Amino acid sequence: MQANGCPQHNGESEEATTSQQNGLCPAATNGEIFENNSKSAAMKALSRTDQDIVRLIGQHLRGLGLNQTVEHLIAESGCTLEHPSAAKFRAHVMEGSWEKADNDLSELKEMVESPQGTLKMKFLLLEQKYLEYLEDGRVLEALNCLRHELTPLKYNTERVHILSTYMMCSSPEDLRETASWEGKGSESRQKLIEKLQAFLPPSVMLPPRRLLTLLNQAIDQQRERCPFHNTRLDNDPAAICLLNDHVCSKDQFPAFTTQVLHDHCDEVWFCRFSPDGTKLATGSKDGSLLVWDVDLETHEIRTRKAFDNHSYGVAYIAWSPDSSHIIACGPDDCSELWIWNVNTGDLRQKVSQSPEDSLTSATWQPDSRKFITGGTRGQFYICDIDGTVLDNWEGVRVQCLVCQPDSKTVLAADTHHRIRGYNFDDLTDFHILQEDHPIMSFSVNDTGRLALLNVATQGVHLWDLKDRVLVRKFQGVTQGYYTIFSCFGGLNQDFIASGSEDHKVYIWHVKRDQPVVVLDGHTRTVNCVHWNPKCPSMLASASDDGTIRIWGPLSKVRQGKYAGSQGLCRAGENNMPETTLSELFENSRLWGLWQTRPRESKVSVDLEALFWPLWNFTTGIVVAEGGDSGRSTPV
């Protein structure tokens with residue numbers, strides 16, 4: 001029998017040696033196959049893909065310093081990592097042998113892809129040479145390089161002028177800082193190699209760290225295909241195991257109710273986390289604005305401060321970018337807005353320009369010193385933090401406002417089903433997008449590129465503001481003529497969440513039109529959803545059922561650490577069987593409430609908590625079971 005593919009010698013079989021087992025036969029006479037012929041056969045046996053893989057592995061091993069291993073790999077496979085001229089060119093560049101590198105470039109001239117590629121490569125070489133001369137204090141040689149080598153190329157004259165100014169640098173440190181350059185050595189030369197490689201085909205010179213690039217691309221693709229990827233823990237490729245596919249569990253996603261807040265005594269219209277993620281503000285029809293403290297580690301929410309006496313209710317909230325102030329706006333009939341100092345609890349200013357105004361929306365500029373406000377009756381103001389009107393725009397019926405990150409442009413959704421941009425610096429406005437139905441609300445992601453619209457009778461639409469195109473229509477949500485606020489959120493703002501008139505919270509991945517998860521729990525319309533900007537696994541939703549639900553991963557539910565203002569109800573402890581509840585609630589309408597509640601699990605309750613839903617039933621407010629007035633009940 002032949003040994004592992006090695007042909008018989010002179011027609012005779014013999015015991016396979018170690019080299020024969022690897023598919024090689026030693027060089028011999030008398031008709032035996034020579035080693036170089038066997039290498040040629042091995043080379044022919046490798047497909048183009050196999051050769052590329054060998055080259056990638058060799059490049060990676062060389063980067064790890066395993067040069068002998070690479071030499072064995074090259075010898076056995078018959079592959080070369082790169083063209084001999086390219087290998088020589090790379091070595092001379094890394095050594096700083098600029099004359100030799102220039103000669104190598106002449107050999108590579110026929111392999112350069114772009115017409116001016118050789119010229120650009122020579123310019124890059126001379127630029128590095130010039131900077132190294134300057135750093136070494138060889139000013140005359142640097143000047144000679146600038147005058148007699150760089151300038152005659154007649155390429156990138158502007159850059160040559162900039163290089164000439166570096167002659168005035170007083171020290172090597174000053175040169176490195178002024179030129180934004182790493183200095184003479186392997187780091188800057190390696191970056192030069194990477195720039196030079198861009199002009200050569202990969203068959204001649206491999207792109208730098210190509211294997212790692214491919215692995216990162218594969219990992220990124222797996223993340224994009226993972227519907228629940230929402231954790232920073234594996235955001236670093238070094239933390240990813242390459243031996244199995246990347247998969248996130250739904251248990252890590254904010255798909256579970258961790259806490260129910262019912263300190264409001266009427267419909268909750270709005271909720272918004274502060275930009276620093278440490279506070280949550282909620283506004284209600286009952287006229288109260290509540291601010292809660294948020295523990296980013298435990299996800300615990302506790303009452304911080306109540307701001308009352310908003311006579312029309314609180315329908316919109318805008319946090320200042322520094323998280324120090326809140327603007328509270330009312331519904332359509334409200335001509336006032338309130339500016340609260342969250343740190344002191346004081347009312348900074350109550351703003352009302354005219355009783356005919358309707359100040360229903362507001363947005364802060366990035367400096368936290370100015371804000372823009374307006375409403376559906378044609379008012380549109382820019383004010384300072386004390387409410388003083390600095391400028392105004394007449395005749396714009398504003399449904400919703402967003403200030404762009406550049407602090408110059410304000411986006412406004414108006415009653416003509418469109419979003420327009422307004423620049424208060426030069427008093428210009430311009431069209432951005434047009435919908436066929438009323439835009440009830442909209443929000444913009446952190447880059448200012450994408451806009452999320454809640455469109456009456458249509459649902460949630462995603463627009464690209466730069467290209468001004470409709471990107472996606474998200475499916476599932478029920479949107480009539482209620483004002484529902486959606487948001488971007490999660491890791492890298494890869495997700496979108498919205499409330500719905502069918503009492504649910506819908507979450508989509510930004511690249512998918514079907515929901516990733518649908519959250520049940522509320523018993524009436526969900527008016528607003530907001531993602532914690534500093535905690536991708538925390539989400540809040542506000543509903544007409546009088547509650548705010550905090551959503552988080554399953555691990556936060558299991559902890560059971562959340563205490564309300566007057567008590568604590570832990571999930572999974574002293575669970576009362578439904579038969580016992582049936583006996584307690586027999587012949588009562590409350591038992592019907594218990595049976596029809598939108599829950600997947602039976603939560604623990606104590607005797608005191610059993611009477612709380614009954615009291616709310618008589619007042620016409622249905623809230624989650626457990627807790628008394630002012631209590632925040634975990635599920």
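Two strands count as paired if DSSP finds at least two bridges between them, and strands themselves (E, at least two residues), like helices (H or I, at least four), are DSSP runs numbered from the N terminus. Ala318 sits opposite Ile327 in S7. What we are looking at is a predicted model, in which local features need pLDDT of at least 70, side-chain atom pairs count only at pLDDT 80 or more, and totals for chains, interfaces and linings use all residues. Residues are numbered from 1 along each chain as its sequence is written, and side-chain values use heavy atoms, with hydrogens and water left out.

S6 and S7 belong to an open sheet of four strands, ordered S6-S7-S8-S9 with antiparallel pairing. Strand S6 (316–319) and strand S9 (347–351) are at the edges with a single partner strand each, so one side of each has no neighbour in the sheet. From one strand to the next, the twist averages 15 degrees.

Strand S2 (residues 268–273) is joined to S3 by five bridges, and the two run antiparallel. Phe270 faces Gly283 across this pairing. Five residues lie between S2 and S3 in their hairpin, and Gly277 in the turn has a positive phi of about 75 degrees. S3 also pairs antiparallel with S4, again through five bridges, with Lys279 opposite Asp293. This second hairpin has four residues between its strands, and Gly287 in the turn has a positive phi of about 90 degrees.

Strand S3 (residues 279–284) is mostly covered, with six of its six residues buried (under 20% relative accessible area with a 1.4 Å probe, protein chains only; exposed is over 50% and partly exposed in between). Lys279, Ala281 and Gly283 are on one side, and Leu280, Thr282 and Ser284 on the other.

The largest nonpolar core has 45 residues, and Leu280, Leu289 and Ile317 are among those with the most contacts inside it. Such a core is a set of buried Ala, Val, Leu, Ile, Met, Phe, Trp, Tyr and Cys residues joined through side-chain atoms within 4.5 Å. Strand S4 (residues 289–294) gives the most to this core, with five residues. Leaving aside neighbours within four places in sequence, Ile317 is in contact (heavy atoms within 4.5 Å) with Phe270, Arg272, Ala281, Thr282, Gly283, Leu289, Ile326 and Ile327.

Conventions: Axes are lines fitted to C-alpha atoms, for helices over the stretch in contact, and angles run from 0 to 180 degrees between N-to-C directions.
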